[in-house]
Amino acid sequence: MGKDSQLQAVLGKDVLTKVRAAKVLLVGAGGIGCELLKDLVLMGYGEIHVVDLDTIDLSNLNRQFLFRHKDIKKPKASTAVAAVETFNFHNSKLVSYMANIMDTKQFPLSWFDQFNFIFNALDNIAARSYVNKMCLFLKKPSIESGTTGFNGQVTPIFPYQTECYECTVKETPKTYPVCTIRSTPSQPVHCVTWAKNYLFGQLFGEDEETSPTDFGTDNQDEIKNMVSEQNELKELKNLATKDDFFESVIDKIFIKDINKLLALEELWKTRKRPIPLAWDSSVKDKIEAITDSDVARGQDVWPIEKYIFLLMRSIKELQQRLADGETDLEFDKDDEVTLDFVVAATNIRSHMFHIPLKSKFDIKQIAGNIIPAIATTNSIISGFSALASLQMFTPNPREGAKMVYTFQDATRFVSTSSVVESNRKCKSCSIPRGVLKINLSHPEIVLGDVVDALVKGFKYGHDEIALILGKDRLIYDVDFDDNKDKKLADIGFQAGEVLLVNDENDEKATVELYIEAMDSGKIEVPNMELPDAPEKEATEEQEDEKEDDDVLQAISDDAPIIIDEEEEAEEASKKHKLDEIDEHETTTSKKQKTSEGQDHVLIE
Amino acid sequence: MSAPKELSNEEIALYDRQIRLWGLEAQRKIKTAHILLINLSAVGTEIAKNLVLGGVGSLSIIDNHDITEADFSGQYYISEDDCGKKRVESAQERIQDLNPRVDLNVFTDDINTKEPEWFSQFNLVISTELAKESILRINNVTRQLNIPFYATGLNGLSGYVFLDLIEHTATYKKEKSNISTKTGKVFSFSEIVSVESFTENNQPFENVTTKDHYKSFKQFLENFNKQSENIKETYTTKRKLKRISPILPLTLASLDFNQANKLTIDSLKSKAVKICENLSIPSTVLENKDQLIESFIAQQNHEFAPVSAIIGGVLAQDVINVLGNKNKPINNFIVLDGLSGEMPIFTI
């Protein structure tokens, strides 16, 4: 009996041969990635490439079982690959990259093309959308997976046939108006946002200013107050080198600013008035008696004096960092000192505004946007992802491909449904794609040549096209031909960029082209027939009907069925809710414009 | 169980992402558990990994098997150089390495030689890849000791978990709908004993406490060997009954076979058909499934990593829930049909 006798018995000789010959890409070596890599190696996959840009952290070790305490700070991808080598019984070829999958230099489109299909085990929307797009360019199948807490899901994607990653709407992070954060907080999360995104940045971070038009309030007194507050903070920042900086912060932030807010009577007509921090000798005496060991148990909520102590301690340490030459400090939930500052400032502000205090443990979760993650869910979801991959070796993979998502009731642990047809309104897979090859080192090619080549290649019958380079940079249209005689390099053409070609006469469909460099010739337009532009927007009612159809499709398992049970409907909506799942946290904070034109501070 | 143990700051940091899911109290209870795992099979390996990562206080693994080439499919903690040695001894160091805080013990004797008193040191028992007779004997002991018992096994692309928690109380949190959850019987085996309303971030929630009653493995075998209506309690419509995976009757039939008798397509099929009849499952479930039955038999005693990961994940998840008295427990049989990706639960 050979080592692969079990695999042969389960998969059969034919499928096993195909698995042994398959070359696959695994994007992500985190919670799902570790589990999936183990499964794929044990299944005898021929060649597995693993990409992850992250290094190992203590809080990964409860689930990312290929890593040990001694591996902390090492790259995830290579450590995971080294760990599975100990049980690489079927001699899979393993390749690891510590790199960003969105790096077009290291991973051009052609690099993705070497794989039979792709496993996505990512933790963020940006990278998921990017890999999804690469798969659309190459029409390459992928298996998308995600977990959060006890929940998870697996979705096989067949580009332009079934729902892609962007076919469903993703939940956007919750945002708060600037005035709520700065003047009238009413929940712990408002104070966390203030401490992390506003106060910390103003005192220790990069200079950043919010324009009064983005404050989200019409109250002129309030606006005036916010502007002067901003200016005074700049002055306060300049005191960061002084010994009594902590006292200055207390005096300015927690006493004077509150008194100024209190003077704006309009704000307190329907709200409870805040109380400035009591800062007298009795409080100071209490703080004097506090030691480091009193603020060690982060899971408890402490009396307010301990948070003032924590603020003092963290400010002194941050001052020391500035004195040591660091500039523009950034909040990081795993940087204990910056976390302490945010915890202390949050709770002191909450205390003044009559908002319940939160433990350091809880504030870390809000500020760091930490999503619970456990070994078992990752194990289960990876197992389903690995099982789904077997479908790729059948004569018609799309037929019979199933989505799986957790849904526990008295009769099942997961719910399965056939993959859904792609959404015709999807911004990603409703447009055709191709590769535009350009000899970028050719000295004479100008943008006009590209326009001519496209008009000829795609048979527009007119030259009224618009070109958008990258995310949103318009480089050419009928009324804007300034770039026509410019060299491509001067406009920003480079390999890996994406060029959107739009028919201004709305005759042919918009097409997206991936720019690839070639060594000879000039310009090579992909040989593809552009479909007609889609009909103009249907009426609202028709749109609704279309969506209903999608839901029906999403839940019908085999034969068309009638929805006769409430749970089925629940399930369908859950499917869409679950669609955006991040395996773990991201720490970056962003400011984002919303359609109302308000500047919303958001915790991502 | 003894009183919950305190957690150090280092443990809180290590278990951060799971404490945020089930809370400090549950993590303390998990730390107090002393679990017996029988056989370091593929699914046994997955269970050991998940429980050790989860932070159980103590895990004892008993396994008298020597390593053969067939083990190199899902048992990733054994070493290729250790062929012929005891599985559990080969894997011990790597399992311990996963989490040095866990008190890990290994035994290489035959589980069938262990007296009932030996089991009293554990507060939960998990058996993997055991035959009917051994499961019956061990479950009899766990019943006497009044401790939870799990039995699991793989069959190629399918697998099962059987649970006997005797009587189990657990609390889960749910969003409150317009109508409050009512106390009282939900099924003959499950009741809601209390409901506590609360608000969190201005959202109404409920803490629902349920009490479930379980059947012993002996009763379970009896129940599908006689005319019984109990599947119909949860499978309430004809459509649901019709859609039951053929893997259920096949798994039950193979579980009930005596190891001495060799399974054949005919013997397995006729037994599975009889079980369907007993449980009021439409016979169409097994119609035109001869090819499936054939591969089910061919895959007997074969381990496949993804199935092992799913079944081991589900079982360990339930053990952790049970230790922490969290979430709705599974009652009492779950199968994975790896071909369809379905994982139905049955109360038999």
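I began with the loop holding B:Asn39, which runs between strand E1 (34-38) and H3 of chain B. I took helices (H or I, at least four residues) and strands (E, at least two) as DSSP runs, numbered from the N terminus. Phi of B:Asn39 is near 80°, a positive value in a residue that is not glycine.

I noted that this is a predicted model, in which local features need pLDDT of at least 70 and side-chain atom pairs count only at pLDDT 80 or more, while totals for chains, interfaces and linings use all residues. Residues are numbered from 1 along each chain as its sequence is written, chains are lettered from A and ligands numbered from 1 in the order in which they are written, and side-chain values use heavy atoms, with hydrogens and water left out.

The peptide bond from B:Asn331 to B:Asn332 is cis, with omega near -5°. B:Asn332 sits in the loop between H11 and E11 of chain B.

I then turned to chain B as a whole. I found 11 helices and 12 strands in chain B. Its domains are domain 1 (9-165 + 304-346), domain 2 (167-213) and domain 3 (220-298); the bounds come from an automatic or database domain assignment. Between domain 2 of chain B and domain 3 of chain B, the C-alpha centres lie 33 Å apart. The C-alpha trace of chain B spans about 60 × 60 × 35 Å along its principal axes.

For chain A I recorded domain 1 (5-170 + 373-418), domain 2 (178-367) and domain 3 (433-524). The C-alpha centres of domain 1 of chain A and domain 2 of chain A are 43 Å apart.

I also looked at A:Gly201, placed in helix H8 (residues 188-204) of chain A. Its C-alpha atom is separated by 8.1 Å from that of A:Asp328, 127 residues apart along the chain. Leaving aside neighbours within four places in sequence, A:Gly201 is in contact with A:Lys196 and A:Glu206, contact meaning heavy atoms within 4.5 Å.

Last came the interface. I counted 71 residues from chain B and 67 residues from chain A in the contact. Chain B and chain A bury about 6,000 Å² between them, 59% of it on carbon and sulfur atoms; buried area is the accessible area (1.4 Å probe) that two parts lose on being put together, summed over both. In chain B, the most area is lost to chain A by B:Arg17, B:Arg20 and B:Phe304, together 14% of what that side buries.

I found 5 salt bridges between chain B and chain A, a salt bridge being a side-chain nitrogen of Lys or Arg within 4 Å of a carboxyl oxygen of Asp or Glu. A:Glu35 forms a salt bridge with B:Lys49, with the closest N and O atoms 2.6 Å apart.
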